[in-house]
Amino acid sequence: MKRILSAIIILTILLTAAVFGGCSKEDLSDKQLTVYCTKDGKTEYEQLFKYYNNYCTANADFGRQYQISFVEFENEEELYKKMTTETMAGGGPDIFLTAQYLPFEKMIGAGAFMDIDELLERENCKIDFSKLNEKVMDSGVWNGKRYILPIVYSPRVMITDRAYLNGLNMTIPEERRFPYKNGYTVTYSDLKYMLKYAKSSQLFSYNSMQLMYNLLYDNMDMKEKKVYFDTDKFKENLETIKKLYKYEVKIEENTEDQKDFFGDYYSLFAYAQYSFENFMRNNLCGYTKNNFEYYSEKIEKSKVLYKGISRERNDNRGYIDLGIAVNKNTKQGKKICEFIKFSLSNLGQSHMTSKYNSFAFGDSFPVNKETFEKRLRNAKEFEFVGGDVFKNHNSELFNTYEKIVRSVDDCSLYNGSSYYTTSIVGDLIEQYMSDKLPQNKFIRQLSSATKFYLEE
Amino acid sequence: MTRKRRECIAAALFLIPSFAGILVFYIIPYIICFVQSLFIGDSFVGFSNYISLFSNYTFTLALKNTVIFTVTAIPLLMVVSFLIALFLNSFKRLNSFFRSAFLIPVVIPVASLIVVWQVFFEDYGAINGFITSLGLPKIEFFDSWFSMLMIIFIYVWKHCGFCVILFTAGLANIPEAYIESARLDGAGPLKIVTRIKIPNITPTIFFVFLMAMIYSFKIYREVFALFGDYPNEHVYFLQNFVNNNYYNLNYPRLSAASIILSVFIVAVLFVFFMLERKRNYLE
């Protein structure tokens with residue numbers, strides 16, 4: 001009798017726990033939208049969400065429950081584990097940000113994201129996509145469905161100084177020289193010749209690893225699951241980037257060279273990816289002054305803006321700086337729609353790309369056409385005070401910049417490192433760059449791993 | 001209520017928590033996994049995940065490699081360990097030393113073993129050093145079909161010791177009288193092995209087969225340590241496929257592949273138990 005009684009007690013406890021465990025029904029009316037981030041990463045998005053949260057508080061129709069809250073994690077690894085496990089179990093954050101370390105291309109295939117067009121239609125939320133940059137917005141469409149919604153984007157632009165280039169006295173044959181022509185697209189092949197004839201100390205301010213990653217993105221089609229690594233052109237470009245990488249390593253290792261690290265080095269090219277206002281205001285001037293120390297006095301006339309570095313001469317590929325994806329498990333469709341509406345609105349986009357904003361994507365370009373034009377107007381109206389550079393907003397340089405930004409015809413999901421380049425082929429790249437893997441083997445293994453990754 | 005009946009009820013009640021555990025942690029997740037394999041996102045797609053799996057290059061490759069490995073490595077392991085056990089059984093003085101020696105690979109951590117095998121198999125490793133010294137071309141063990149041979153070799157080498165112990169224990173249990181009388185009847189060594197020893201250790205053979213099967217599914221550890229998440233196409237196994245799909249969050253495909261893998265294992269075990277039952281029945 002005693003045994004039966006104890007068995008009944010154990011069973012009762014188990015049953016009670018099981019029954020009450022399933023009883024609580026989540027009340028979503030008071031629940032805020034969630035975004036997962038690391039403690040460090042939070043600062044990147046804080047500005048954006050803080051502004052939106054204030055907007056919600058001020059808007060009588062919304063209120064606190066429409067706000068976005070952060071779920072913080074110590075580091076990327078913990079964030080990734082938690083986010084993926086929860087999403088697999090039917091939970092996870094409501095919104096994913098493309099700047100997060102996630103295999104977006106795989107998650108799309110796995111049906112982890114909602115089709116945003118479908119969501120907007122279901123929630124009866126009207127967004128006029130013709131008022132947005134169609135080419136950039138199309139970058140988020142996979143198999144006819146809008147899984148990624150680009151919010152801001154960036155072009156690939158570089159700046160150089162023709163006076164400085166002349167001063168370097170490189171022995172590049174005339175036909176191989178870059179034309180000092182604004183808007184010229186620099187390809188990987190151009191780099192090859194530059195490296196061939198330049199001295200090792202005449203370097204580029206271009207991170208070779210980032211170039212390598214972009215070369216991989218340029219030679220694969222994530223949407224179609226195809227790779228184009230086994231071509232002569234790819235092999236040639238690979239060798240060029242490796243050479244560039246070697247130069248960088250040499251500079252880091254050679255103390256004699258290091259003294260010039262902030263002087264003559266980094267002179268052929270510099271990044272020039274700034275918002276229109278910041279281009280005019282100070283950033284580009286400040287940056288180029290630092291990098292073109294000798295030539296700061298004659299700055300405007302001798303500067304040249306290039307597009308690239310691209311695979312083909314007619315490419316003008318940018319990248320999505322910030323985009324969002326919606327978790328398919330979310331039950332907060334209406335609130336998400338409001339957030340999307342705000343993010344793409346003139347108000348939201350103006351805030352994100354504001355010149356006074358410390359938001360991490362403040363140098364990016366809005367996808368909203370009206371905001372884009374407004375930003376451009378503001379830049380042109382900007383009066384430069386206390387200097388003689390860039391005061392002419394009608395300068396060829398600025399016009400070229402505008403043209404390059406306007407003509408971005410496609411955007412890659414990533415710029416630089418991503419889940420694919422780090423977790424999938426990171427070790428292979430490292431081995432190849434450090435000469436532990438010959439090129440043919442590297443390409444074979446790279447193709448195989450990428451193919452597996454895309455097709456799995 | 002009789003005492004026996006009361007005891008039965010008590011036993012059943014005590015067993016229920018255990019069954020509940022199996023239900024909650026095994027059966028229900030399995031059912032959820034199956035249900036998930038019928039969906040992509042929120043939309044029901046029926047068996048299309050299964051159909052698409054079989055038209056997926058990586059899955060068919062993984063399946064092919066797993067089958068090749070299983071049908072090659074398991075019989076090889078069993079034959080090699082049986083022959084070693086036979087040898088040790090004939091030299092009883094050496095038996096204990098060799099049994100301990102053969103067990104060493106089983107107890108050494110995989111990571112340490114891999115470091116050793118890398119030294120042997122890499123492009124400029126010991127084996128290639130020997131091969132090139134003979135004037136033969138170098139073998140790329142990490143980037144050719146030799147990868148499969150290398151993995152089979154490592155598998156046999158690592159698990160051989162344990163199987164040898166099981167076989168020697170089985171062989172030691174055969175009554176000496178059977179062998180003596182067979183010898184008196186004029187049976188040679190081969191006949192003694194095939195007609196006396198093997199039939200008498202059939203339960204051991206089944207057990208070794210079962211263990212070899214379990215070990216074969218664990219070979220992923222060695223493959224991962226040697227080649228990483230994405231090995232070359234010759235040693236890309238089902239476990240790689242399942243594991244990578246887990247990390248890449250492809251749950252519908254992962255669920256479908258897991259169900260197929262589990263069905264495959266259950267089918268093999270079913271055949272195995274049927275054979276064992278048939279043998280018991282014949283006995």
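Predicted model: local features only at pLDDT ≥ 70, side-chain atom pairs only at ≥ 80, totals over all residues.
Of the 283 residues in chain B, 42% count as buried. Among the contacts in this chain between residues at least 6 apart in sequence, 67% join residues at least 24 apart.

Helix α9(B) spans residues 189–200, and its 12 residues reach 15 Å from the first C-alpha to the last, close to the 16 Å expected at 1.5 Å a residue. Four residues of this helix, I192(B), V193(B), I196(B) and K197(B), are buried. They lie on the same side of α9(B) because they cover an arc of only 125° around the axis. On the face turned away from the buried side, α9(B) carries the exposed residues L190(B) and R195(B).

Attention now turns to chain A, where 4 strands form an open sheet with mixed pairing, in the order β8-β12-β7-β11. The edges of this sheet are β8 (185–187) and β11 (270–271) of chain A, each of which pairs on one side only. Helix α8(A), residues 188–197, packs on the sheet and touches β8 and β12 of chain A, with its direction making about 70° with that of β8(A). Within the sheet, β7(A) (residues 157–161) and β12(A) (residues 303–310) run antiparallel and are joined by 5 bridges. In this pairing, D161(A) stands opposite K303(A) of β12(A). A further helix, α18(A) (residues 396–406), lies across β7 and β12 of chain A and runs at about 20° to β12(A). Strand β12 of chain A also holds I309(A), and the peptide bond leading from G308(A) to I309(A) is cis, with omega near 10°.

Another set of paired strands in chain A involves β6(A), which covers residues 149–154. This strand is mostly covered, with 6 of its 6 residues buried. Strand β6(A) runs antiparallel to β13(A) (residues 317–326), and 5 bridges join the two.

D363(A) sits between α16 (346–352) and β14 (365–366) of chain A. At 22% relative accessibility, D363(A) counts as partly exposed, because the partly exposed range starts where the buried one, under 20%, ends. A polar atom of the D363(A) side chain lies 3.0 Å from the backbone nitrogen of S275(A). The C-alpha atoms of D363(A) and F276(A) are 8.1 Å apart in space, while the two residues are 87 apart in sequence.

Two other loop residues of chain A have backbone angles worth a look. N143(A) has a positive phi of about 50° although it is not a glycine. This residue lies in the loop between β4 (141–142) and β5 (145–146) of chain A, and N143(A) is exposed, with a relative accessible area of 70%. D435(A), also not a glycine, has a positive phi of about 65°. Its place is the loop between α20 (426–433) and α21 of chain A, where D435(A) counts as partly exposed at 47% relative accessibility.

With 7% relative accessibility, K441(A) counts as buried. Leaving aside residues up to four places away in sequence, K441(A) touches D123(B), E140(B) and D143(B). With one of these, D123(B), the side chain of K441(A) forms a side-chain polar contact of 2.3 Å.

Conventions:
Residues numbered from 1 in each chain as written. Chains lettered and ligands numbered in written order. Heavy atoms only, no water. Expected span 1.5 Å × (residues − 1). Buried < 20%, exposed > 50% of the residue type's maximum accessible area, 1.4 Å probe, protein only. Arc of directions from axis to C-beta. Pairing = 2+ DSSP bridges. Contact = heavy atoms within 4.5 Å. Axes fitted to C-alpha atoms, helices over the stretch in contact; angles between N-to-C directions. Polar contact = N/O pair within 3.5 Å; in protein donor to acceptor, adjacent residues only side chain to side chain.
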